[in-house]
Structure formats: structure tokens, C-alpha cells
Amino acid sequence: MKASAFLYPWDVIGDPDAPARIAGLGVGQVTLAAAYHSTRALTPHHPRHRVVTAEHAAVLYPVDERRWSGRTLRPYAAGRWAPGDAYGEAAEALAAVGLDVHSWVVLAHNSRLGAEHPETSVVNAYGDRYPWAPCIARPEVRAYLVALAAEAAVRPGARGTELESCGWYGLAHLHAHDKIAGVALDDTAQYLMSLCFCDSCRQGYGEWGLDAERLAGEVRAALEPVWRGGPCGGGELLEATVGYRAAVARSLQEEAVGAVRDAAGPGFQVLLHADPGVHRCGANVGVDVAGVFGLADGVVVPCPAGRPDLLRPFAAHAGAGAVVAANFTVVAGMGGRPGALGEDAVRAEGAGATELRLYHGGLASGEDVAAVRRSGVVG
């Protein structure tokens with residue numbers, strides 16, 4: 001099966017051996033970060049450094065000032081971790097060894113945006129803001145995300161893009177010194193804690209026949225047993241609100257994909273990182289499995305612990321030529337199964353996968369890389 005490895009520009013820049021090492025995995029494509037959130041990343045192969053700290057969400061290329069002039073919300077430039085046109089420099093080196101390069105664009109996940117413009121953030125039923133989660137119902141946020149998608153996706157030489165976080169973000173978030181695991185939250189509790197009650201969402205609920213103030217109270221009441229260690233109610237609240245949330249997410253996806261297609265022209269592949277649970281938030285956003293293939297060219301779907309369960313709903317609706325890419329973590333230290341990639345890939349293909357994604361070519365240790373090569377399924 002066709003496979004692509006995720007990569008950051010800093011995995012390549014300054015390491016002349018990186019392109020050949022990635023090509024040596026047997027992949028024909030690299031999904032290279034062009035716009036990314038804050039992170040602290042290990043670089044186990046790089047000759048000059050071992051840890052790169054990306055201090056805030058940033059674009060990894062020089063922005064087009066004509067696009068952003070006069071806008072309050074605009075992308076942040078990367079600092080010393082990816083100066084100048086880091087994306088372009090890395091893409092050129094990867095293409096030189098015969099790898100196709102597709103851009104990797106993170107959209108509704110930006111802690112600096114929320115810190116500097118708190119009014120843009122998701123607000124939960126208790127009034128707490130989530131600065132890492134821009135509310136996609138807000139017109140100014142939507143305009144920013146659509147413009148970012150068009151610019152960051154269509155980089156010189158890119159043959160396609162993968163859009164991550166193209167939808168709602170919520171409570172779940174890898175955060176520095178995280179301390180929210182003291183109370184276990186099931187799927188419904190996670191959803192209720194991710195519902196937004198900013199002014200735009202309150203208006204949106206009203207348009208869907210829901211009283212926002214009453215809804216917030218009902219959410220708090222449904223969550224109250226959870227804080228005492230009991231089960232969460234609130235399944236009916238999920239059913240009542242998911243229509244509004246799904247419509248907002250679908251609208252953003254339509255605008256973002258449309259803007260990318262307008263900027264790129266024909267033949268440019270657009271994939272969404274997606275989950276078949278339409279209520280899901282985060283990097284892999286919930287989408288309408290029956291409608292997503294009429295919007296994008298395909299989906300990239302997580303396969304946690306190598307399980308292909310999430311692939312099947314997409315495969316059931318994918319038409320001829322649609323991409324259903326199984327995303328496997330191949331970093332053992334992050335819970336991945338590089339040694340089992342062969343059997344995992346067979347199961348994924350049986351569940352309807354048409355391609356593989358390997359997370360993450362730059363984070364994997366030497367032994368992880370060797371295990372991927374030994375699997376014999378890439379190439």
C-alpha cells in the first residue's frame with residue numbers, strides 16, 4: 001500500500017542524511033508540517049540537536065503579507081525552531097530524493113491565539129475558557145482558519161495537503177504539567193466539557209431551538225455526579241446539541257476545503273484527519289462519514305494500538321478512488337507498535353484502508369525505523 005511518513009521541517013534541516021533515511025523506510029510520500037501547534041519534540045537522529053521546543057503555534061514559512069494585511073487574527077511566525085522558509089527548505093531536500101511532499105496543516109488548535117485574543121476561545125458550561133481551542137462558530141475565527149488553510153496547504157511543490165483539527169477542539173489537550181486526570185471522564189462527559197457557550201454558540205443554540213442558559217445548567221447538572229466519582233448522565237444533551245455542532249463543523253470543512261481547492265487548482269489532493277464519531281473533538285475531528293467523501297478526497301483515520309475499528313465506517317462509504325488512510329503510531333515510546341506494523345497493516349487493509357500513514361518519521365528511534373523496514377509492508 002502507498003504510505004506516507006509525517007515529518008517536521010526541523011527533522012530535515014541541518015541533517016543531510018534525513019531525506020535518504022526517510023526514503024529508506026520505503027515510503028513514497030512525506031506529510032510535512034507547514035502550520036503546527038506548540039510542541040516539544042525529540043530529534044533522535046539529528047547531528048546537531050536532540051530536543052526542539054516550538055514555543056507556540058506557528059506557520060513554518062513566510063506568510064503572504066497581502067493576504068493578512070489589516071487582519072486582527074493572523075498566523076504567528078515561528079521562532080528559532082523553524083526560521084525563514086523552513087517548510088520550503090525541507091520540502092526541497094525531500095523532493096530531491098524522489099519523495100512526494102504533501103503539506104500538514106493544523107487549524108483549530110492554537111494556544112497563543114487564545115492567550116492574546118481570549119474572546120476567540122471555546123467557553124465551557126462553567127465559564128472556563130480553553131485558550132488552545134478556537135471556537136469555530138465565531139465568524140472572525142472561521143475567516144482566519146479558512147485563510148490559513150488556503151495559504152499553508154498550498155505551498156510550492158506540494159502535491160496535496162492533510163488538514164488536522166478542521167473542526168471542534170475541546171477539553172482533551174496535551175498540556176504542560178497536565179492535572180486533569182484526577183476524575184475519569186467518559187465519552188459523554190468529555191463531550192459535555194467540550195460544549196462551547198461563547199456568545200456565538202449561545203446564538204447558534206437559540207437558532208436550533210435550544211435555550212443556551214438552560215442548556216448550560218443542564219450540562220452542569222449532568223456532570224455533577226462525575227465530580228463525586230459517579231457516572232455521567234447527559235446522553236440526551238449530546239443528542240440535542242450534536243446537530244448544531246456537526247453543522248458548524250461541516251460548514252468550516254466546506255469553506256476550508258473549498259479555499260484550498262481554489263488556491264491550488266485541479267489535481268491537488270485534500271484529506272481530512274477524521275473520526276467517524278460526529279461528536280468527537282480534537283486533532284481527528286468528527287465528520288459525517290456518509291458525506292465527507294463528497295467534500296474531500298479522503299480521510300486519515302487513527303488506529304490506536306493498531307486497531308482498525310475506526311476505519312470500517314469510512315470504508316463502507318468510500319467510493320472508487322477515495323483515500324482511507326490508516327494512521328499508525330510507529331514510535332514505541334509513544335505507545336506505537338512498529339514491530340507489529342506488518343500484521344496491523346494487514347488488518348487495516350481488511351477493514352478497508354487504501355493507504356498507510358506513519359506517525360512519526362522524525363520521532364522514531366533507530367530501532368523503530370528498523371522495525372518499520374523489517375515489516376515489509378511499506379513500499
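Author: Contact here means heavy atoms within 4.5 Å, and the model discussed is a predicted one.

Reader: Which residues of α6 and α10 meet?

Author: By that cut-off, Arg142, Leu145, Val146, Ala149, Ala150 and Ala153 in α6 meet Val248, Ser251, Leu252, Glu255, Ala256, Ala259, Val260 and Ala263 in α10. By class, this contact has eleven nonpolar, one polar and two charged residues.

Reader: How do the axes of α6 and α10 cross?

Author: The axes of helix α6 (residues 139-153) and helix α10 (residues 235-264) come within 8 Å and cross at roughly 35°, and the crossing is right-handed.

Reader: What makes Cys198 and Cys232 count as buried?

Author: Buried means under 20% relative accessible area. Cys198 has 5% relative accessibility, so Cys198 counts as buried, and Cys232, at 17%, counts as buried too.

Reader: Which residues of helix α4 are buried, and how do you know that they line one face?

Author: In helix α4 (residues 86-95) the buried residues are Ala86, Tyr87, Ala90, Ala91 and Leu94. Seen down the axis of α4, these residues fall within an arc of 120°, so they line one face of the helix. Their cover includes β1 (2-7), α1 (9-12), α2 (18-23), β2 (29-36) and β6 (100-106).

Note on methods: Residues numbered from 1 in each chain as written. Predicted model: local features only at pLDDT ≥ 70, side-chain atom pairs only at ≥ 80, totals over all residues. Heavy atoms only, no water. Axes fitted to C-alpha atoms, helices over the stretch in contact; angles between N-to-C directions. Helix = DSSP H or I, 4+ residues; strand = E, 2+ residues; numbered from the N terminus. Left-handed = near helix turned anticlockwise from the far one by under 90°. Nonpolar A, V, L, I, M, F, W, Y, C, P; charged D, E, K, R; others polar. Buried < 20%, exposed > 50% of the residue type's maximum accessible area, 1.4 Å probe, protein only. Arc of directions from axis to C-beta.
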